[in-house]
Amino acid sequence: MDVSGGSGQPRSGNDEPAEHPAGPTTPATGPTGHPGPTPPDTPEPPEDTPHTDPAPDTDDTGTGTDAPHRAPSAHRPPDEPAHEHRSLAHSGIAKGEPPQPRPREPGGGILMGRPFGVPVYVAPSWFLVAALITWVFGGQLDRVLPELGAARYLVSLFFAVAFYASVLVHELAHTVAAIRFKLPVRRIQLQFFGGVSEIEKEAETPGREFVLAFVGPLLSLVLAGLFYLAMKPVEPGTVPGVLLAGLMISNLIVAIFNLLPGLPLDGGRMLRAVVWKITGKPMSGTVAAAWVGRALAVSVLIGLPLLNQSGALGGNNADTGGMDTVTDALLAAILAAIIWTGAGNSLRMARLREHLPELRARTLTRRAVPVETDTPLSEALRRANAAGARALVVVDAEGHPLALVRESAIVGVPEHRRPWVDVSGLAQELTDGMRVSAELAGEDLLDALRATPATEYLVVEETGEIYGVLSAADVERAFVRAMARPS
């Protein structure tokens, strides 16, 4: 996805330019956002503004030309060493894009409930597919039970709702497994082509990945079996018999479709887990399953209309007309596009997650100098430039941090007024969420930034000592660099 940064370039914590390690950006299969607002583009700062060092260019392989740096605090010498599951009912496990902060309570349609504490939404597109199912199934009922008349559409609507209830059970299976493995589930969404369980973290082992993917189709198979058993005592030519038969067949199709071995389907995640187990590399599993998914998309695009025309899927090829052919081709194109796009997104997210461990608070932190609340801005900037620092931390008389001086606020003060403006008037008061540990890295760091969106964060050692200031704009630029870096 495109990630926009703020003004200026990433700033190192020492005097040398530094390569910022990269981390992934958020889906985008899901909602997008930023790790906090970024300062606007600004002109070159005056001499007493903390200097901005540009990040090094990358060579043809995408590798930085300078070694990663460490950003010491003002109290430390610069040379000290650095310590979607988605379905037809389900077209894959959707992952929330890691680096981008978002509301803890995401939207996505009409909230239907919170089973197991996970919000379930019905997207507006569901009403379109419900109307489509009602129309198509109503036409079939007219041939089987012509005596129903217009009431057949009421029966068809009931079928559409019952079918999506089955889809919800499929998604809840993924959700329960994720909760069992202590993986956060953002939401479940019922939409046009089934449902999506948005699980925000990867499974830690291939075995868990396999189980997480398999439970969905397994529940669909169980439902198909239950509907089959319920058909036994029911008269075949009745409304209950037709409904039970339709639900049995639809759940069987959902299970079989999702077991196909290509991302983003459940079968693709199962294939990924198998290759991951064999090679020991999750990326290898993702690449294999994604390319199988792309081959599957092409097969659906070409094969589904041919199968329908041949009568292999239960239709009568003698009755196939021009409109039916167009409908089959359109359905195949939509399914193929969903599978192809999902496979590509899986590859992209895997590449970003591969770089995620490189994203460390220490290497992205700017060196900072402490200043008291009544210090004039011009004096604070002089001290920062003398120390080679890139950020200002407002402290009390005992040296405890109180606030961070915003970079955008500094640039907004004309140079001639800086001797008369105290830093306290440009500072943002620190909250608990704006203090992050220098030891944070990867997904833990991103989780901390998502929890409290801000433009800057105070980075501290385990002892509470000031390490420096982490800019959200620098984090965003690290994600952009990750996008350009080959796996």
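This is a predicted model: local features need pLDDT of at least 70, side-chain atom pairs count only at pLDDT 80 or more; totals for chains, interfaces and linings use all residues.
1. The aromatic cluster. W126, F127, F137, F159, F163 and Y164 form one aromatic cluster. Over the whole structure, a search finds 6 aromatic pairs. One of them joins W126 and Y164 in an edge-to-face arrangement, with 5.8 Å from centre to centre and 90 degrees between the planes. W126 belongs to helix α2 (residues 124–144) and Y164 to helix α3 (residues 152–180), so this pair ties together parts that lie 38 residues apart in sequence.

2. Burial of W126 and Y164. W126 has a relative accessibility of 12% and therefore counts as buried. Y164, at 4% relative accessibility, counts as buried too. The cut-off behind this reading is a relative accessible area under 20%.

3. The ring centres of F159 and F163 are 6.5 Å apart and their planes stand at 15 degrees, so the pair is stacked. Both residues lie in helix α3, 4 residues apart, which is about one turn of the helix. F159 and F163 are both buried.

4. An arginine with two tryptophan rings. The reader may wish to inspect R294. Its charged end sits over the ring of W340, at 5.2 Å from the ring centre. R294 also lies over the face of W291, 4.7 Å from the centre of that ring.

5. The hairpin of β5 and β6. Strand β5 (residues 185–191) and strand β6 run antiparallel and are joined by 6 bridges. The two strands form a hairpin, with 2 residues between them. Within this pairing, I188 stands opposite S197 in β6. Strand β6 (residues 194–199) is mostly covered, since 6 of its 6 residues are buried.

6. The sheet of four strands. An open sheet is built from 4 strands in the order β7-β8-β9-β10, and its pairing is mixed. At its edges are β7 (368–372) and β10 (427–429), each of which pairs on one side only. Neighbouring strands here are turned against each other by 35 degrees on average, direction ignored. Helix α10 (residues 377–387) packs on this sheet and touches β7 and β8; the direction of the helix makes about 150 degrees with that of β7.

7. In which sense do strands β8 and β9 pair, parallel or antiparallel? Strand β8 (residues 391–395) and strand β9 (residues 401–405) pair in the antiparallel sense, over 3 bridges. V394 stands opposite A403 in β9.

8. The sheet of three strands. A further open sheet has 3 strands in the order β11-β12-β13, again with mixed pairing. β11 (435–437) and β13 stand at its edges with a single partner strand each, so one side of each is left without a neighbour in the sheet. Neighbouring strands of this sheet are turned by 35 degrees against each other on average, direction ignored. β11 and β12 run parallel and are joined by 3 bridges. R435 stands opposite L458 in β12.

9. The largest nonpolar core. This core has 28 residues, and those with the most contacts inside it are L359, V393, L404, Y457, L458 and L470. At least two residues of the core come from each of α9 (361–364), β8, α12 (442–451), β12 (456–460), β13 (466–471) and α13 (472–484).

10. Which residues does L470 touch, not counting residues up to four places away in sequence? The contacts of L470 are L364, T365, L445, L449, T455, E456, Y457, V459 and V475. A second, separate core holds 25 residues, including L141, L223, L243 and M248.

11. A buried glutamate. E461 is found in the loop between β12 and β13. With a relative accessible area of 10%, E461 is buried. E461 and V436 are 25 residues apart in sequence, and their C-alpha atoms are 8.7 Å apart in space.

How values were computed
Residues are numbered from 1 along each chain as its sequence is written. Side-chain values use heavy atoms; hydrogens and water are left out. Two strands pair if DSSP finds at least two bridges between them. Axes are lines fitted to C-alpha atoms, for helices over the stretch in contact, and angles run from 0 to 180 degrees between N-to-C directions. Contact means heavy atoms within 4.5 Å. Rings of Phe, Tyr and Trp (its six-membered ring) pair if their centres lie within 6.5 Å; planes under 30 degrees apart count as stacked, over 60 as edge-to-face and the rest as tilted. Buried means under 20% relative accessible area, exposed over 50%, partly exposed in between (1.4 Å probe, protein chains only). A charge sits over a ring if NZ of Lys or CZ of Arg is within 6 Å of the ring centre and within 35 degrees of the ring normal. A nonpolar core is a set of buried Ala, Val, Leu, Ile, Met, Phe, Trp, Tyr and Cys residues joined through side-chain atoms within 4.5 Å.
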